[in-house]
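Read the following account alongside the sequence and the coordinates.

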Amino acid sequence: MQMIEPRAMGTPLQRIDGAAKIMGTAPYAFEHRLERPTYLHPVQSTIARGRILKIDTRAAESLEGVIAVITHETAARLASDENKELWVLQSAKVHFRGQFIAAVIAQTPESARAGADRIAVEYEAARHDVSFSGGRKDLYAPKTVNAGYPTDTNQGDAETAFERAEVKVDSTYTTPMEHNSPMEPHTTIAIWESPKLTLYDSTQSVHSVRTTVAKSLGLKVDQVRVVSPYVGGGFGSKGEPHAHNILAALAALRVPGRPVKFALTRQQMFCLAGYRTPTIQRFRLGATRDGRLTSIIHDVVELTSRFKEFAEQTAVPTRLMYASPNRRTRHRLAALDLPKPSWMRAPGETPGMFAGEVAMDELAVACGLDPVELRVRNEPERNPESDNPWGNRHLLECLREGARRFAWSERDPRPRQRSDRGWLIGSGVASSTYPRYVLLGSRATIRCGERGQYTVRIGAADLGTGTWTTLTQIAADALQCPVEAVHLEIGDTEQPNATVAGGSSGISSWGWAIVAAAQELRRLHGARPAAGAEASAQTPKGADDETFAQHSFGAQFAEVRVNTLTGEVRLSRMLGVFSAGRIINPRLARSQLIGGMTMGLSMALHEESVVDERFGHVINHDFAGYHIAANADVTDMDAVWLDEVDDRSTPMGSRGIGEIGIVGAAAAIANAVYHATGTRIRNLPITPDKLVT
Amino acid sequence: MKASITLRVDGEQRSLTLDTRTTLLDALREHLGVTAAKKGCDHGQCGACTVLLDGRRVTTCLSLAVACDGTSVTTAEGLAPGGTLHPLQQAFLEQDALQCGYCTPGQICSALGMLDEAQAGHPSFVTEGLAAPAELSDEEIRERMSGNLCRCGAYVNIVAAIRQAIAERATP
Amino acid sequence: MTPFAYERATDASSAVARVAAHPNAVFLGGGTNLVDHMKLGIAHPQLLVDVTRLPFSKIESLPDGGIRVGAGVRNSDLAADRTVRERYPVLSQALLGGASGQLRNLATTAGNLLQRTRCAYFQDVTVPCNKRTPGSGCSAIDGHNRDHAILGASDQCVAVHPSDMAVALAALDATVVVLGRQGERRISAVDFHRLPGDAAQRDSMLEHGELIVAVELPALPVAAHSVYYKVRDRASYAFALVSVAAALEVRSGRVHDVRIAFGGVAHKPWRARRAEAALRGAPATEEVYGRAADAELADAKVLKHNAFKIPLARNTLRMVLRQLAQGGR
């Protein structure tokens, strides 16, 4: 691969969009200033399954300030029901509690909300089923799981090998339903100016919103424009359009020429913006007495919505982490009357590596081995399933570097040995991994301006991921110019197609398109192109994509304190060491990796969405009930990385870093809790009620 | 029902007529076009809407605008007249104390309010013996900043930025 | 939100008269609980009488050595008050353990007392709740009730009171001073909040139209040696799973004086009189602390998800008493 020379890359450039965000002037979706706005407030179903018999909108329509009410009887007809999640206000059917069943468009947000409160609905309720358990008789195997992986895999005879193993771990782990909960709610301003629909949206992909919404509404793609220069976090939940995009568009059709402003409330985000499925994971590890794995069996049960399938790839990391001659992985789904689960930071790896890395800790204890050493003994030489050579596997270096920095060798391996004024202290380790993805389909355009300036355009997204800054650095190096000479434009479908900011693929995919466009510019216009010269290119396919197993790896080390009387757990120290190829901007990369670790801490100790089976919805649907880590929860935390250039991955030498920080973090903390207390908690989150006695 | 009020927002006197149901947050965002106060939860559970009201940090989503008649509001935008960042804002930039940026203006206002409270000798939940802390430890900063949630997980750098601003104050 | 009229009170008696005369009128303080509930559709007042600019923002010394806290004193100011910090540290700590810095700058003393009990089902108008609609049923009793009461609940309601400040006030023998149309009356803080019984819709003894004007704290020497410990699901900015407000004075190895209240366990701050009785005069030992906790929790009734609150309350009390006996705060 032809690599680009790092000059801007590798430097800690400050966030280009930082000042505007710090002043609060960078416009997020709801903040675009438009004339004569209207406001939308939805009505949601209060049954989890059944049909609407009658909706009385008269009281709402007569309210001062209300412009219109739309229901399944009055909304415009959509063109495609291919994606059932987006089949909004098209039928009387109710698939889950909280589904949109009407919406009020009004002159002010207060009137819209008051109007929605006045809509009377009669239902014919059917018996709903939202009961998630591993004992259900109707669990089924999906055709594939998310990202196209096989549902089940099987090597050797894992069951027999497990039965015959000298040392066995057989444990069941659970992770709860979790919600992405970005700070900026899911938001759309929709304006219909026939024949054009414009959406100011908060999204991880303007282009996928455009194509999906266009298809849904029966519009041509070029009739729709989506604008999203700044995104207040997504973590997967803004990776694809959800029902609110369609609802806003339907409302816009009703009030041509006027912007319809719509932001989900925090409560609504718990049923309309995706979530991570709960998981029940039985993990069986068989090993020799000296800790060499002879069998790995990972059985996963998770849920999907009945109306549209989403199958998280929870067992996928188990297929590559450790060497074993026998291995079996399996995913089974319960289809329930719930909203559709979706992507949440490192889908698959996050829950799967929680179970797998705690199981490894249990095996280390069972074998009397140091957990780092156990992992060293099971390092696979090649990808265990594909038998491809590793592109760049540096797990052991991460573990060793982390152990050195964390003073791991000073640790007494026995649990419950250290305490300080009523607090037990323990430490734990876990591995992390995330695939290197480069998505095909992005295109970048570069245009030469006056005095050596370049305008680089690509419809990419920055959801806090640093895209504004890192793509500028990549473009500067691709064009061999200073970063000041690069004018980047992202976040608008007026710019060329860009794939989603997901799967930690953004910078790799978009950056490569920019590199390719710079090469094309040079090919067409020579080394010193004149003002007005322009070139465009797409992300190419990597030569090593099929022949090498390309993944990032990491090691997470955590130290916790556990109150012996109250069961409170406090993280006191945490370090992540990662191998992710070249780090394009160390200042921003450290933030993002620590951010992933912080979300992992939050998963370990706090997060749990509770579904009330009688009603069918999440009842702790706000930030007072659904706890995410606060400032006081995060103490001494740091992330570092191996000095590395991956010349198989991208011409920048990089792989993505958006997700690996969360992977393994919860396991490291759970393992530390075990080491502190001698109590193994296998069900997240680790809250005081699980430790107090 | 309508009410007419006057607010001083980022140094500028603003008069407006609004529904009594309008919160201070919506008055700023929807009526005055001031976007530095963000709506994250609308229920006092995230801190993204924090501003300085008559000099003190408050959430704005649970205050009715009509009850704030005659008050003075400073947002993160007002701290940077002409786009020149306040030293604390500059510290946020240098320490990369933000990612998506949505909670950031609230963090800034909260941090400034918090520093003033500490200056005035206010203790926090973690202050030993409830004495006025001689200096803000990291633990003190974390506790005092816990009313501002950040889902990106920028807390480590937020604490570093505040520490930098304190150090710069001490050495003029 | 239902439309409402807004008025700013100029003096207390006319504010009381105005609200008393209007069945759907309420006083507006810091708004942090009321406006929250108006948005959720739990509260539907038609008239708001803003009392935040009434002259109730002082903290004064009383002739008997106690203090009088104006109803409008902001939580942050009360927590930072020097006298409160020195003589009633448990109150400062309880306030500082509640909500967040920016909410404490808004919330008032009276408003903190008048927080409604907290329960996810109460907050969600799409499910039954006796507190919102008497007779509709309690969704929490057979629902997710990890956060709910273990003491003093009824078959009508199992919600808990969320205030930290009120737990300290209950322990400190405080008095709530209330102005009604007939003049002032005084209610002890312990009796101010009520158990749900068969009228879960009522959280306190306050009658419609009555306005809290002050909270008085007695001169209570033991209070100088007091502490508030709050166990919660994250390190800060969360409601209590269980909290303990306690004051303890040990003389010659025996408990000379003691005050204890629990938070997070009942529909009201739970003054632990049985535990106090078991402690008073007894040796200050771990065994006695455990017995005292057991005495208080003997009648505790658990629901499906909150059994952990019994050992948690017991352990937290033991820890706090030990800490106080050892001279720490």
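How many Å separate the centres of domain 1 of chain B and domain 2 of chain B, taken over C-alpha atoms? The separation of these two centres is 22 Å. The model is predicted, so to speak of local features a pLDDT of at least 70 is needed, side-chain atom pairs count only at pLDDT 80 or more, and totals for chains, interfaces and linings use all residues. Residues are numbered from 1 along each chain as its sequence is written, chains are lettered from A and ligands numbered from 1 in the order in which they are written, and side-chain values use heavy atoms, with hydrogens and water left out.

In chain B, domain 1 covers 2–74 and domain 2 covers 81–170; such bounds come from an automatic or database domain assignment. Domain 1 of chain B brings 15 residues to the contact and domain 2 of chain B brings 14 residues, where contact means heavy atoms within 4.5 Å. The two domains of chain B bury about 1100 Å² between them, with 53% of it on carbon and sulfur atoms. Buried area here is the accessible area (1.4 Å probe) that two parts lose on being put together, summed over both.

One salt bridge is found across this domain interface of chain B, the term standing for a side-chain nitrogen of Lys or Arg within 4 Å of a carboxyl oxygen of Asp or Glu. B:Glu117 forms a salt bridge with B:Arg57, and their closest N and O atoms are 2.9 Å apart. Six residue pairs are in polar contact between domain 1 of chain B and domain 2 of chain B, both residues being at pLDDT 80 or more. A polar contact is a pair of N or O atoms within 3.5 Å; within protein, one must be able to donate a hydrogen and the other to accept it, and residues adjacent in sequence count only if both atoms are side-chain atoms. On the side of domain 1 of chain B that touches domain 2 of chain B, there are five nonpolar, six polar and four charged residues. In this division Ala, Val, Leu, Ile, Met, Phe, Trp, Tyr, Cys and Pro count as nonpolar, Asp, Glu, Lys and Arg as charged, and the others, Gly among them, as polar.

Chain A has 14 helices and 28 strands; helices (H or I, at least four residues) and strands (E, at least two) are DSSP runs, numbered from the N terminus. The C-alpha trace of chain A spans about 75 × 70 × 50 Å along its principal axes. The radius of gyration of chain A is 26 Å, which agrees with the value near 26 Å for a compact globule of 693 residues. That radius is taken over C-alpha atoms, and the globule rule is 2.2 Å times the number of residues to the power 0.38.

The domain assignment divides chain A into domain 1 (18–23 + 439–538), domain 2 (37–127 + 181–272) and domain 3 (144–178 + 276–436 + 547–690). The C-alpha centres of domain 1 of chain A and domain 2 of chain A are 33 Å apart. These two domains of chain A bury about 1400 Å² between them, 52% of it on carbon and sulfur atoms. A:Leu463, A:Gly491 and A:Thr493 supply 40% of the area that domain 1 of chain A buries against domain 2 of chain A, more than any other three residues. A:Asp492 forms a salt bridge with A:Arg225, the closest N and O atoms being 2.5 Å apart.

Next come the contacts between chains. Chain A and chain B bury about 4400 Å² between them, with carbon and sulfur atoms giving 55%. Five salt bridges are found across the interface of chain A and chain B. B:Arg29 and A:Glu31 meet in a salt bridge (2.8 Å, N to O).

Chain C and chain A bury about 2700 Å² between them, 57% of it from carbon and sulfur atoms. Between chain C and chain A there is one salt bridge. In a salt bridge, A:Asp689 meets C:Arg146, the closest N and O atoms being 2.9 Å apart.
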